[in-house]
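Please look at the sequence and the structure shown here, and keep both in view while reading the report.

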Amino acid sequence: MYGLVTRWSLDGAPAEAERQLREYVGAESHPKFTGRPGLIEKIWTMKPGTFFAGNYIWATEQARAEFVASLSGAPSKVTQIIGRDPELVEEFEIVAVAEGGEGMEGITGTGTAFRAGA
């Protein structure tokens with residue numbers, strides 16, 4: 001499996017950025033990535049006032065490479081909200097994934113599906 005992280009600093013971001021990011025993920029980004037060919041999983045993470053990140057697990061190196069190449073186009077919606085490019089875009093190998101006893105279904109009731117505001 002092939003990992004990728006894109007991470008933006010929230011230091012100095014507009015006051016409304018965190019709310020806008022949550023709304024963007026729920027309304028636009030989550031639906032855009034759900035069911036995407038080549039993608040195993042995407043997790044959006046945020047530490048308020050510190051960072052916002054997209055964490056990806058790709059099935060193939062080619063799928064990841066195609067996505068990374070697409071990042072060089074127009075600024076992403078996240079870049080527009082935060083007002084700067086990501087501070088980190090890093091590719092890596094995923095050695096293993098373990099699902100804990102609670103599993104994702106136990107958390108959301110719908111597998112790994114995200115529910116905005118949940």
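## The model

This is a predicted model, and the descriptions that follow should be read with that in mind.

Helix 2 covers residues 61-70, and its buried residues are A63, R64 and F67. Seen down the axis of the helix, these buried residues fall within an arc of 95°, so they line one face of helix 2.

## Aromatic side chains

The whole structure contains 7 aromatic pairs. One of them joins F33 and Y56 in an edge-to-face arrangement, with 5.8 Å centre to centre and 65° between the planes. This pair links distant parts of the chain, since F33 lies in helix 1 and Y56 in strand 3, 23 residues apart. Both F33 and Y56 are buried.

Y56 also pairs with W58, and here the rings are stacked, at 5.8 Å centre to centre and with 15° between the planes. Both Y56 and W58 are buried. F33, Y56 and W58 belong to one aromatic cluster, which also includes W44 and F67.

## Salt bridges

There are 4 salt bridges in the count. In one of them the side chains of R19 and E23 meet, with 3.1 Å from N to O; because R19 and E23 are 4 residues apart in helix 1, about one helical turn separates them. R19 is partly exposed, with a relative accessible area of 43%, and E23 is partly exposed too, at 44%.

In another salt bridge, the closest N and O atoms of E28 and K77 are 3.2 Å apart. E28 lies in helix 1 and K77 in helix 3 (residues 77-82), so this pair ties together parts that are 49 residues apart in sequence. R64 and E91 also meet in a salt bridge, at 3.3 Å from N to O, and this pair links helix 2 with strand 4 across 27 residues. R64 counts as buried at 6% relative accessibility, whereas E91 is partly exposed at 42%.

## A nonpolar patch on the surface

M1, I40 and V97 form a nonpolar patch on the surface, and together they have about 270 Å² of accessible area. V97 lies in the loop between strand 4 (88-93) and helix 4 (103-108), and V97 counts as exposed because its relative accessibility is 56%.

How values were computed:
Residues are numbered from 1 along each chain as its sequence is written. This is a predicted model: local features need pLDDT of at least 70, side-chain atom pairs count only at pLDDT 80 or more; totals for chains, interfaces and linings use all residues. Side-chain values use heavy atoms; hydrogens and water are left out. Patches are made of residues with over 30% relative accessible area and no salt bridge: like charges are joined within 9 Å, nonpolar side chains (Val, Leu, Ile, Met, Phe, Trp, Tyr) within 5 Å. Accessible areas come from the Shrake-Rupley method with a 1.4 Å probe; for residues, only the protein chains shown count as cover. Helices (H or I, at least four residues) and strands (E, at least two) are DSSP runs, numbered from the N terminus. Buried means under 20% relative accessible area, exposed over 50%, partly exposed in between (1.4 Å probe, protein chains only). The arc is that of the directions from the helix axis to the C-beta atoms. Rings of Phe, Tyr and Trp (its six-membered ring) pair if their centres lie within 6.5 Å; planes under 30 degrees apart count as stacked, over 60 as edge-to-face and the rest as tilted.
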